[in-house]
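Visitor: Please take me through one part of this structure in close detail. I would like the ligand surroundings and the domain contact that goes with them.

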Amino acid sequence: MPKDTADVLAALTTPSVSRRRFMAWSAVAGVGAGVVGASRHGLQAAAADSAPAAEEKIVWSSCNVNCGSRCPLRLVVRDGRVVRVDPDDTGDDELGTQQIRACVRGRSIRTRIYNPDRLTSPMKRVGRRGEDKWQKISWDEATTLIADQLKKTIAEHGNESVYLQYGTGVLGATVARSWPPAGTAVARLMNCVGGFLDQYSDYSTGQIGIAVDFQHGGWQGSNSNDDTRNSKLVVMFGNNPHETRMSGGGEVFVTQKAKAETGHRVIVIDPRQSETAMNLADEWVPIRPGTDAALVAGFAHVMISENLLDQTFLDTYCSGFDEDHMPEGVPANLSYRSYVMGEGADGTAKTPEWAAKITGLPAQTITRLAREIATTKPCAITQGWGPQRHSNGENQSRAPMLLAAMTGQIGISGGGTGERESSANIGMASFPTLENPVRPVIPFYRWTDAITSGEGWTYKDGVRDNADRNGNANVTNDVTLGSNIKFMWLYGSNALVNQHGDINRTLEILSDENALEMIVCIDNHMTVSARYSDILLPDAVTAEQVDLAQQGSSGNLGYAIFTDKAVDPPGEAKPVYEQLTLIADKLGVKQKFTEGRSQEDWVRWIVDESRKTIPDLPPFEEFRRMGVFKKKLEPVIAMKAFRDDPKANPLATPSGKIEIFSTNLHRMSQDWPVEGDNKITPTPEYVRTREMPGDPLQERYPLQCIGHHYKQRTHSSYGNSPWLKEAHPQHVWINPIDAQSRGIGNGDSVDVWNDRGKVRLPAYVTPRIMPGVLSIPQGAWYTPGANGLDEGGSVNTLTSHTPTAYSKGNGQHSVLAQIAKA
Ligand SMILES: Nc1nc2c(c(=O)[nH]1)N[C@H]1C(S)=C(S)[C@@H](COP(=O)(O)OP(=O)(O)OC[C@H]3O[C@@H](n4cnc5c(=O)[nH]c(N)nc54)[C@H](O)[C@@H]3O)O[C@H]1N2
Ligand SMILES: Nc1nc2c(c(=O)[nH]1)N[C@H]1C(S)=C(S)[C@@H](COP(=O)(O)OP(=O)(O)OC[C@H]3O[C@@H](n4cnc5c(=O)[nH]c(N)nc54)[C@H](O)[C@@H]3O)O[C@H]1N2
Ligand code: SF4
Ligand SMILES: [Mo]
């Protein structure tokens, strides 16, 4: 362990010492100049005078990383540093008024505030990109370099050559919010000087977010989880709220509480016995990754054969289930029913036996589950986003929605739409970011291609028109991308390298310093992506600035948090708003950018605006004292208006109905180019795309390797917390059958590899994952060692960058690999 890490750890764990050590540490941090290849590692702790202990004060703050929650933290501050982190102490243990208890990560936030990786001074790269050689520079020099390069890039290539990268590290904040890119202060700055190239869809919901446009006429969500109090059965496809919504203001509490009240049965379909499958489910159904659409086809066969469908629902609300309900002018036998009964192009009936071979489930289980799901009502069918983060993710995500339609569970209390659960929200005002005049918008997953060959892209490459970016499957437009990406802003993002698919490929593209000419990274820590950037701007963390955490919601609880400034930023770090104000000044747009307001002025403005629609939200100073504002809201019943009156409230699909056969996809299936063995199909049939079971590549790489979201981290955030690394180490899940045949024991160091790269990490041998499948929790920090071996165990060393069929998104859970003892 490096000395500084040891010091910081000691300081964190021994409160009496911590105060002095940290004061000294932050005083030392950021001082000095010159080439500082190891500057951030040089933060030495030094003894300070033994001053008398000062009073403690408690400051409301929040954990704002992207885990889907926002947790209030009561920071105990003494002598200008955070010495303890207490959770929310308001509310009770009832649905809608519950305490919002922070998870193990938020409670460890001091290991992020006081971390030797903290950036404390602006720096510029002096070696090759990625070589990790840096020179400290002043704010004046940094902002001049950035402003000059921006002016040059815009003059030479236009505003559409300036890209705001996806970044969710500060998702919970308001002024300092990092996602969506168009909602950030960086966007506001760019919109003061002509705009920027934006993206649509996202790493979270890359496939489902587009697929819903075709089937449901846009994002509908499913019922909020508190409504499962009205369910007899809950069926979750790859939904793991007990690990991905860990907050007390998250779905762990809501799902457990609702089940405790009513005792409904819960079925979790997942290749792993996830935390949810362990803690909530009555039955865990292990399934091969990427094969849920085959399972649903097997269910459909049983339901059709045994007359278990909700035919009235299908006839009234849906288009394209059977030959009697197809759109005009479509050839025969293209309905979903024809596909299932073997009357479609492949002539194969999708019997439970057929589905068994693909999914790895016994045929009897498929039949039993089909009968139970069709006859136990109301039934809440939802999906997480693991199933859709696959190479065939569009159809993967459409299949559970189809199941909800076949059983008529859409739009009713106790039911569900087959999408992911919603939650109620109080709807705070946001930070205004002005209009972006740049028209082309690219799919979030194609930015590496846009660096090398974006110029000339059209809608067939996935380009959308900013004026109609969420155009509900309106897929044609006349917009062309005019330039490759030449400049990139990276704010609260580790997606330049660590979180994007196929790290070695990305590094190859970034190594051409003339292609993407400048990468400006605004972060708190020297992350993997920071290492490959050109200019580093040290950001204040949430605890070091005044802001609001909003859009907090879980079940029927909506809330917002006043996040006050608890301590000063270390060294020369400063809040992003102040950083961008300096750059705006250099670009001659300071007044337009700030409108004369400081960050605190904006927060006041946002509270005032929010009070216009939320009258009981207290005024600024009262909210500041109060810390967290909660409101018990009504449960969400998704698609209720459509269910109640489909004529008055049609969906935004061409037919106004649920399109089980999508006319738009039918058209696209005929003339859209797709990558590799991708396929666009009008109905949600099972497609064996890249790296699915049965791929000939399995001769060399027999195992499917997914990468679930893990409690140690939120993606890569907290990935450098020594406490969390010890509590929840990085490892690869492997079934004892696969381990024994390779002589791998629990805890052994193993290599996992494919043609894209190789990682080394410990094995976790467990029957909680099905045979034939590995899982490497995503988000671990890529750490290149000798011969390109990733000793950090980042699954993105193995993942593919190939875009999915029509959402052009991230099939990052579709990976074939081999494993052996290191
Ligand atoms: N293989 C694989 N890859 C995946 C996924 C997967 O399932 N499998 N999941 C994908 C998903 S769903 C997502 S959402 C993305 C997430 O990808 P990212 O949005 O990149 O999320 P993080 O890795 O958490 O990185 C957030 C960054 O924000 C920084 N940060 C945190 N707080 C602050 C702050 O206050 N100020 C500033 N300036 N920076 C801050 C952190 O240091 C970190 O560098 O990853 C995707 N990548
Ligand atoms: N602790 C923690 N919480 C987080 C995050 C985090 O990094 N850490 N990230 C947050 C973010 S940004 C997001 S988007 C969400 C992500 O939430 P999800 O996308 O839902 O999370 P995943 O872990 O990718 O997938 C959920 C489950 O799906 C399973 N699965 C994978 N492939 C398949 C499949 O083909 N079929 C089926 N049936 N199951 C499959 C996985 O084993 C996993 O248990 O989580 C959020 N919450
Ligand atoms: S990581 Fe998520 S659940 Fe945990 S404290 Fe932070 S916001 Fe809350
Ligand atoms: Mo995500």
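Guide: A residue is near a molecule if one of its heavy atoms lies within 4 Å of it. On that basis, 34 residues surround ligand 1, and the closest are Thr168, Asn494, Asp523, Asn524 and Ser716. This is a predicted model: local features need pLDDT of at least 70, side-chain atom pairs count only at pLDDT 80 or more, and totals for chains, interfaces and linings use all residues. Side-chain values use heavy atoms, with hydrogens and water left out, residues are numbered from 1 along each chain as its sequence is written, and chains are lettered from A and ligands numbered from 1 in the order in which they are written.

Start with the polar contacts of ligand 1. A polar contact is a pair of N or O atoms within 3.5 Å; within protein, one must be able to donate a hydrogen and the other to accept it, and residues adjacent in sequence count only if both atoms are side-chain atoms. Ser716 places a polar side-chain atom 2.5 Å from an oxygen atom of ligand 1. For Thr168, a polar side-chain atom lies 2.6 Å from an oxygen atom of ligand 1. Gln499 uses its backbone: a polar atom there is 2.8 Å from a nitrogen atom of ligand 1.

Ligand 2 has 37 residues around it, and Asp270, Arg272, Gly290, Asp292 and His715 come nearest. A polar backbone atom of Thr244 is 2.7 Å from a nitrogen atom of ligand 2. A polar backbone atom of Arg713 is 2.8 Å from a nitrogen atom of this ligand. The side chain of Arg389 brings an N or O atom to 2.8 Å from an oxygen atom of ligand 2.

Ligand 3 comes next. Its surroundings include Cys63, Cys67, Cys71 and Cys103, along with Arg70, Arg105, Ser247 and Thr714. By class, this shell has six nonpolar, four polar and two charged residues. Here Ala, Val, Leu, Ile, Met, Phe, Trp, Tyr, Cys and Pro count as nonpolar, Asp, Glu, Lys and Arg as charged, and the others, Gly among them, as polar.

Now the domains. Bounds come from an automatic or database domain assignment. Domain 3 covers 208–424 + 639–671, and domain 4 covers 696–821. Their C-alpha centres lie 28 Å apart. Contact means heavy atoms within 4.5 Å; 26 residues of domain 3 are in contact with 23 residues of domain 4.

Buried area is the accessible area (1.4 Å probe) that two parts lose on being put together, summed over both. Domain 3 and domain 4 bury about 2200 Å² between them, 57% of it on carbon and sulfur atoms. Arg272, Arg389 and Glu394 supply 32% of the area that domain 3 buries against domain 4, more than any other three residues. Arg272 is also among the residues nearest ligand 2, and Arg389 has the side-chain approach to ligand 2 given above.

A salt bridge is a side-chain nitrogen of Lys or Arg within 4 Å of a carboxyl oxygen of Asp or Glu. Domain 3 and domain 4 share two salt bridges. Arg768 forms a salt bridge with Glu275, the closest N and O atoms being 3.3 Å apart. The side of domain 3 that touches domain 4 has twelve nonpolar, seven polar and seven charged residues.
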